[in-house]
Amino acid sequence: MREMISMIVVLTVLTVISGGLLAAVKSGTEEQIEIQVLKFQKAPAIESIFPDVTNDPIADRFTIKTEEMKLQVFPTKLADGSKAVAFETKGTGFGGPVGLMVAVNINSDKVIDVRMTAHAETPGIGTKPKEDLFFVSQFTGLSIMDTDFNLKGSGGVIDAVSGATVTSNALCTAAVKAKEVYQKLKPEIIKQMK
Amino acid sequence: MAQSLAKEFTKGLWTELPPFRLVLGLCPVLAVTKSVENGIGMGVATTFVLVCSNLLVSLLRNIIPAKVRIACFIVIIATFVTIVELLMQAYAYPLFLKLGIFIPLIVVNCIVLGRSEAFASKNGPIMSVADGLGIGIGFTLSLGALGAVREFLGNGTLTIWEGLPVFSMGPDFLPFRFMLEAPGAFVGLGLMLFLMNLIPQK
């Protein structure tokens with residue numbers, strides 16, 4: 001009995017201390033990690049979506065805060081003079097959250113392009129939508145106001161990448177979320193872009 | 001004392017060199033040694049975990065009940081691995097992207113658990129740190145060496161930091177791409193094991 005209690009006590013104390021330590025390190029590094037993700041994940045995605053814009057969408061970014069969420073918005077101006085924004089939403093994949101950078105033309109409400117960003121998917125399998133741009137090209141030109149961005153199997157219009165169904169599904173969930181966010185925050189985005 | 005301390009430290013550099021003498025922890029050895037930079041980054045991360053977990057296990061060795069010692073070791077190791085993962089994300093993000101899943105896998109690396117079980121749980125903190133440091137540096141050098149062989153043959157370059165090659169064979173070099181693929185890792189490791197075994201052990 002004594003032995004059992006000592007086992008329980010030692011393990012409990014050890015896990016509690018570990019948990020506390022990890023929480024401290026996480027909150028200490030959170031800000032720096034966000035900067036790194038912006039530099040190495042979001043910036044390349046935005047550059048590949050908007051290859052030749054005149055402004056710097058990363059430097060011009062602004063944040064919209066609502067009661068439920070915080071959204072980082074990257075604004076720019078397209079060659080034809082219409083305004084566009086890019087923002088990131090997340091879906092849940094095989095190894096945790098999967099980010100999707102969605103770029104929308106504000107004047108026409110059409111998706112310009114999307115890119116997969118930060119993820120923890122299985123290398124070589126769940127990373128296919130990031131390397132093979134066919135999957136993300138399906139989003140181009142669709143209206144963000146009334147398209148069902150789910151996979152075809154769930155009644156939507158997007159074809160999954162074979163072998164990476166869970167990741168494809170995560171990206172579609174992120175796109176559906178992007179649709180909701182955009183519809184809700186569009187007035188706010190336009191107001192802040194001036 | 002000083003003599004045995006030096007012995008514990010240097011055994012990891014040669015007689016118990018993890019990947020080549022003990023042939024342990026081969027998963028990261030084969031997977032991440034595509035360049036010197038990746039190999040050394042992985043080695044440094046493992047060394048940090050080894051030293052910290054050895055120190056803590058050795059300090060707690062009289063408190064941890066024998067029946068749940070493995071569970072306690074895993075909790076300690078996993079904590080340090082997660083700290084390494086967070087720090088790497090914060091300060092060396094490109095390296096984190098390249099090493100990916102192999103950082104969390106340090107938790108189940110048999111070298112780390114092996115040192116806790118076989119050494120740190122039976123020896124004092126100073127000895128345990130020396131042991132962890134020796135094994136860790138040996139592991140780092142081995143990964144760096146295998147990474148150098150594979151990168152040199154497979155890409156014609158040697159990269160130490162941030163993707164900038166310190167040495168390059170130039171554009172005329174026809175790279176032996178096979179060495180960068182998974183089978184190349186086995187061949188490279190096998191040849192290095194062969195060369196090491198030519199040198200007689202004392």
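Predicted model: local features only at pLDDT ≥ 70, side-chain atom pairs only at ≥ 80, totals over all residues.

Tutor: Happy to! Let's start with a term: two strands count as paired if DSSP finds at least two bridges between them. Together β1(A) and β2(A) make a hairpin, with 4 residues between them. To find your way into the pairing, pick out A:Phe62, which stands opposite A:Val73 in β2(A).

Chain A has 5 strands and 4 helices. Read from the N terminus, its elements follow the order α-β-β-β-β-β-α-α-α. Along the principal axes, the C-alpha atoms of chain A fill a box of roughly 75 × 40 × 30 Å. Of its 194 residues, 32% count as buried. Among the contacts in chain A with a separation of 6 or more, 53% are between residues 24 or more positions apart.

Finally, there is the partner chain. The contact between the chains takes 18 residues from chain A and 21 residues from chain B. On the chain B side, α5 (69-91) and α6 (93-99) each supply at least two residues. The largest share of that side, 11 residues, comes from α5(B). Sorted by class, the side of chain B that touches chain A has 16 nonpolar, 4 polar and 1 charged residues.

Notes
Residues numbered from 1 in each chain as written. Chains lettered and ligands numbered in written order. Contact = placed C-beta atoms within 7 Å. Nonpolar A, V, L, I, M, F, W, Y, C, P; charged D, E, K, R; others polar. Buried ≥ 20, exposed ≤ 12 C-beta atoms within 10 Å, placed from the backbone.
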